[in-house]
Each structure stands twice: as structure tokens, then as C-alpha cells.
Amino acid sequence: MEFYEEFFENAKGKSLSELLRLRTELSKKYKLKGLPDLIRLFSHANNEQRRDLKDIKIKPMRSLSGVTPIAIMTKPGKCPEQARCVYCPGGLKSFFGNVPKSYTGNEPASMRAKRNEYDAVLQIFNRLENYVLLNHDIGKCDVIIMGGTFTNFSKQYKDEFVADIYFAFNKFSELFFETSLEKSFHGERKTRVEINFEKFYKFFELGMDFRSPERIEKVKENVLHLKKENLNLEKEQLKNESSNVRCIGLTIETRPDCCSLKQCNEMLEYGVTRVELGIQSVYDSQLKKVKRGHLNKESIEAIKRLKNLGFKINLHYMLGLPSWTIKKDISGLKKLFFDERYRPDMLKIYPCLVMPGTELYEDYKNKKFKPMKLNDAAGVISEFKRDVPRYVRIMRIQRDISKGIIDGVNKTNLRQYVNALMLKKKIKCKCIRCREIKNCDISNYNLNVLEYNASCGKEFFISIDANDKIIGFCRLRFVNESLRKEITLDSGIIRELHVYGKSVKLGEKGEIQHHGFGKMLVKKAEEICLKHNKKKILVISGIGVKGYYKKLGYDYDGVYMSKAVIILK
Ligand code: SF4
Ligand SMILES: [Zn+2]
């Protein structure tokens with residue numbers, strides 16, 4: 001009997017750890033050279049065997065926040081003329097070759113993108129294929145477009161890239177999902193939506209060796225064959241609203257000076273819901289030294305504009321930039337929250353690295369720059385975490401670059417160092433990420449509202465908390481300016497609604513999701529609007545979530561969804 005045959009014969013009913021043990025035993029028995037990775041292993045399962053394995057979820061953390069993240073990259077391109085950031089690796093004809101700006105080409109996401117020719121459809125099909133093989137539900141996908149300043153690409157490139165994203169989801173749904181009628185235990189007729197694995201196997205050539213170049217090329221051919229020119233973005237978006245693979249959020253990366261109202265409006269048309277904004281420092285002197293090409297004034301204006309249009313904002317901030325000191329960096333980070341002109345919803349912190357091929361490397365060689373090291377970075381971040389507000393989510397504290405670093409924080413486990421320091425100093429981070437509920441008891445929960453001023457407007461952070469854990473939250477904003485006709489001064493805008501819990505198939509009940517928490521949060525936001533005499537409540541909604549808001553009584557309102565605020569007796 002062959003390895004795979006014997007594996008699947010004995011796999012039924014086993015937990016993930018038992019399967020891993022079985023894999024080790026059989027690998028020894030069949031004298032395999034190494035352990036086949038799980039995705040390769042699972043790619044050998046036939047339809048029936050796959051059903052036996054359907055409850056095995058690999059890397060469940062990826063989907064813990066209720067959605068499936070999909071990171072894709074744009075082709076290597078240029079940043080605007082004024083951006084001469086001295087620390088930034090990559091780009092066209094860089095030390096690392098032709099790679100997207102600010103990447104080295106060795107990060108998992110850039111390697112995947114390169115393999116897929118930076119094509120959005122190829123990249124999405126590739127991610128979905130992997131997720132399906134690993135038994136993840138792909139009904140709700142959250143897409144991030146990485147690879148430098150997205151808004152700086154040509155209009156045509158951006159239009160095609162974004163339309164391709166929705167097209168890829170719609171096509172995947174069309175090709176592999178099937179709806180059937182089945183009788184429930186009580187004899188009622190229910191519709192069941194499932195992946196047709198026979199079609200899936202055939203399309204992804206799973207009869208061939210999973211990692212063989214022949215298979216990879218063949219699959220690419222199959223996907224590229226589907227591609228269409230001149231897609232209509234609006235049509236694809238509309239289709240995606242009821243697709244089995246929905247795009248529930250779209251994030252782009254940009255700079256404060258590439259965020260004009262025109263560019264923001266374009267992002268809204270694309271269905272962007274979150275913007276990753278690189279401000280890097282709150283000190284003009286540092287911004288000048290690193291040749292960022294913009295100052296704080298632009299950062300503050302961009303943050304305000306984005307918030308007033310309803311976007312969620314994830315700020316990028318760098319530690320250890322030229323002229324850094326520990327005190328300066330802690331103050332800089334703290335300023336992001338005590339100064340109401342910043343106050344981001346999310347934050348990514350990156351200690352500055354010395355990378356080959358950069359101007360900073362020359363300064364480093366000439367002893368003009370000394371980078372921040374691991375201990376200093378851990379000290380700064382742990383001190384900063386002492387006073388972090390409850391409405392922010394600290395997403396990252398380090399770049400995912402691990403190869404090619406000349407000097408700086410070159411260990412990938414900075415988070416562990418920070419945690420150890422925090423434990424020692426008895427610091428507890430109150431950010432969303434640290435309080436996210438992970439299968440805890442949710443029987444005793446409270447609805448809380450945190451009100452704060454930010455970027456000239458008023459923010460309401462409405463959360464459902466169980467003890468110190470957060471089950472879900474909603475960000476409501478009262479704007480101070482009307483930047484589009486949909487947003488009047490007497491309206492409130494929901495910038496984010498998020499409920500934590502396992503990712504589940506649309507229409508199925510998850511452990512936490514679909515227990516009415518989302519509805520509860522929206523209702524509270526509507527009540528706040530009513531109390532403040534607002535006439536309308538708007539939502540910036542991911543394309544694939546529009547249907548959800550329709551069910552809550554919202555209707556299309558330009559690029560948003562909205563509802564009149566009325567007194568219910
Ligand atoms: S804007 Fe960002 S990607 Fe462009 S050069 Fe500066 S750091 Fe690099
Ligand atoms: Zn935290």
C-alpha cells in the first residue's frame with residue numbers, strides 16, 4: 001500500500017495532532033525523505049476522503065478574526081518623485097532586482113506574487129486554492145493590496161487590478177461552488193452550498209505532484225485562460241455582493257501626499273474600506289532627514305480627510321529613524337494618541353532596518369547612522385504600550401523582512417521580547433489585538449461606548465466586551481466637513497464593524513459570529529445618531545457586506561450604504 005493511500009485509510013475521525021503523528025509514523029514506514037507538508041498531503045485526498053477531513057483546520061489563527069485574509073501585490077513600480085526615502089529597499093532595478101518598492105522579494109507575500117506574475121487573478125486563485133485545501137472557509141475574504149504606493153499607479157493599471165480582484169472571486173465561486181437541495185433531519189428542504197471537489201481537483205491539476213513546476217505552470221495556464229479584458233468594475237462588484245466568495249474588505253497602501261480628495265474618491269469607487277498610511281514619524285526634522293517628501297502637515301490633513309470619508313486608518317510608524325533616541329521615539333508613539341490630530345484605528349510599528357542598496361546603508365558605512373537594536377526597540381514599544389487606548393489595534397511591531405538585513409532589529413521575535421519586558425514591568429496592553437476574544441466564555445457581556453475627539457470630528461468606539469475581552473466593536477464618526485454629497489453634516493458614518501469569532505460559511509452560524517452582535521452594535525450606533533439629532537447614518541461597506549446592511553434596512557447611497565435615522569416608538 002502506498003503512503004498516501006494508507007494515510008487516508010487511517011485518517012478518518014482523527015484530530016489534527018493525531019494526523020500529524022500518523023504522518024510521521026507512515027513517513028518512517030515508507031522511508032520518505034522528508035515529511036510531506038500538509039497542503040501537499042491534503043492535495044492527495046479524493047472527494048470522500050476530503051469529507052472525512054472537513055473539520056480539520058490548519059493554521060486556525062488565520063481565520064480567527066472571522067475573515068480570511070488575502071494579501072496580493074502590485075507589480076514592481078515607482079513611488080512619486082518626491083519620495084526618496086533613504087531606508088527603503090527594493091523597487092525597479094534595485095539591489096534585489098525588480099521587486100515591489102519597500103520589499104526585498106524574499107518575503108512570503110512577494111515570493112508568491114512574483115510566482116504569480118503580480119497578476120491579481122493568479123494571486124487570488126492561488127490563495128483560494130491553498131485555503132480550500134487546508135479546509136478554510138473562503139466565503140468572506142479581506143484583501144490587502146501591497147507593494148508600495150497604490151494610488152501612484154496609472155489609472156488604467158489600478159482599474160484593471162481592482163476589477164480583476166472582484167472577477168477572481170466571482171469566477172472562483174462560479175466554477176467550484178454548487179447549490180443543492182437537501183432534506184434536513186426534520187424533513188424541511190434546505191439549500192446547501194458546497195465546493196465541487198471533482199471540478200476543483202481537475203482545475204488545479206491535483207493528480208500531479210503538488211509542488212512540481214509542471215503542475216504550477218498548468219494551473220497558471222488554466223487560470224489565465226479565464227481572464228477577460230475590459231472588465232466592468234461596477235458589474236463585477238455587483239456580482240460579488242451575492243457571490244459565494246465575497247470581498248468583505250479592501251485595503252490599499254499609500255502616503256499622505258498621495259491621498260488627495262480625487263484619489264480618495266477613486267479609492268471609494270474601488271470599494272476600498274481601509275487605508276494603510278505611512279506617516280513614519282511625527283517629527284518634521286526626521287521626515288526631512290529621511291527624504292520622505294512630505295511633512296507632518298500632510299499626514300494630519302490626510303488622516304482627517306480619510307476619516308471624514310469613512311475610511312479605517314492603519315498608520316505606519318517607524319522607530320529608530322536618523323536622530324532617534326529612546327525618549328524621542330516613545331514620545332513620538334505616544335503623540336499618536338494624545339494628539340487628537342492623529343488617533344489612528346490601527347497601527348503598524350516598524351523599527352528602521354539597514355538594508356543593502358539604500359542611501360541609509362551608505363550613511364551606516366560612513367558611521368553617520370547607528371540603527372536601533374532589539375533591546376531598545378523592545379523597551380520603546382513596551383513603554384508605549386503602557387498607555388495605549390482601547391480603540392486601537394496594534395497590528396504589527398516589525399516588518400516581515402527576515403533576509404538581507406545588514407543591521408537593526410534583525411530577529412523576527414521582537415514581539416516575544418516585548419511581551420517578556422511587559423511582564424517584568426507589569427504592563428498590560430489594552431489594544432484590541434491583545435483583548436480579542438478567542439473562544440472564551442461570552443455569556444456575560446456589556447455594551448460600552450468610548451467617546452473621543454479625533455481629527456476635528458467626534459468618534460464613538462462602541463464595543464461588546466466580556467470581562468476584559470472584546471467580542472466586537474463598531475466605529476461611528478460625526479464628521480466636521482462634508483467631502484461628498486452623500487456625507488452631510490447631519491449624518492453619522494460607521495467606519496468599521498467587526499465581530500470576532502471563527503470564520504464560518506455565509507449563512508451558517510459560527511461560534512461567535514451571527515449571534516446578533518453585529519446587529520446590536522449597529523443599533524447602538526443608530527441610537528447615538530438619534531440622540532445627537534443626526535438625520536442619516538452611513539456605512540462604508542465592503543462590497544461583499546452590502547447585503548448584510550440591506551437586511552438591516554440600509555440602502556445604496558452613492559458609494560456608501562445609508563439609512564434615515566427615525567424615532568421608533
Ligand atoms: S513611499 Fe514607501 S515605498 Fe515609496 S520610497 Fe518611501 S518608504 Fe519606500
Ligand atoms: Zn496590544
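# Close-up views of the predicted model

**Glu234, Lys235 and Leu238 are exposed (over 50% relative accessible area) on the other side of helix 10.** The buried residues (under 20%) of helix 10, which spans residues 233-240, are Leu233, Glu236, Gln237 and Asn240. The elements covering the buried residues of helix 10 include helix 7, strand 7 (246-254) and helix 11 (261-270). At the start of helix 10, the backbone nitrogen of Glu234 has a side-chain oxygen of Asn232 within 3.0 Å. Helices (H or I, at least four residues) and strands (E, at least two) are DSSP runs numbered from the N terminus.

In this predicted model, local features need pLDDT of at least 70 and side-chain atom pairs pLDDT 80 or more, whereas totals use all residues. Residues are numbered from 1 along each chain, chains are lettered from A and ligands numbered from 1 as written, and side-chain values use heavy atoms, without hydrogens or water.

**Phe176 and Phe203 form an edge-to-face pair.** The whole structure contains 34 aromatic pairs (ring centres within 6.5 Å; planes under 30 degrees apart are stacked, over 60 edge-to-face, the rest tilted). For Phe176 and Phe203 the ring centres are 5.4 Å apart and the planes stand at 75 degrees, so the pair counts as edge-to-face. Because Phe176 belongs to helix 7 (residues 155-176) and Phe203 to helix 8 (residues 197-203), the pair ties together parts that are 27 residues apart in sequence. Phe176 and Phe203 are both buried. Both residues also belong to one aromatic cluster, whose members are Phe125, Phe172, Phe176, Phe197, Phe200, Tyr201, Phe203 and Phe204.

**Phe473 and Tyr500 form a tilted pair.** The ring centres of Phe473 and Tyr500 lie 6.3 Å apart with the planes at 40 degrees, so the pair is classed as tilted. This pair links distant parts of the chain, 27 residues apart: Phe473 is in strand 14 (residues 469-478), while Tyr500 is in the loop between strand 15 (491-499) and helix 19 (517-531). Phe473 and Tyr500 are both buried.

**Glu205 lies in the loop between helix 8 and helix 9 (213-226).** With a relative accessibility of 18%, Glu205 counts as buried. Residues up to four places away in sequence being left out, Glu205 touches (heavy atoms within 4.5 Å) Arg215, Lys218, Val219 and Asn222.

**Tyr556 is placed in strand 17 (residues 555-557).** The relative accessible area of Tyr556 is 39%, and this residue is therefore partly exposed. When neighbours within four places in sequence are set aside, Tyr556 is in contact with Leu238, Glu241, Lys546, Lys550 and Met561. Of these residues, Leu238 is one of the exposed residues of helix 10. From C-alpha to C-alpha, Tyr556 and Val539 are 9.8 Å apart in space, and in sequence they are 17 residues apart.

How values were computed. Rings of Phe, Tyr and Trp (its six-membered ring) pair if their centres lie within 6.5 Å; planes under 30 degrees apart count as stacked, over 60 as edge-to-face and the rest as tilted. Buried means under 20% relative accessible area, exposed over 50%, partly exposed in between (1.4 Å probe, protein chains only). A polar contact is a pair of N or O atoms within 3.5 Å; within protein, one must be able to donate a hydrogen and the other to accept it, and residues adjacent in sequence count only if both atoms are side-chain atoms.
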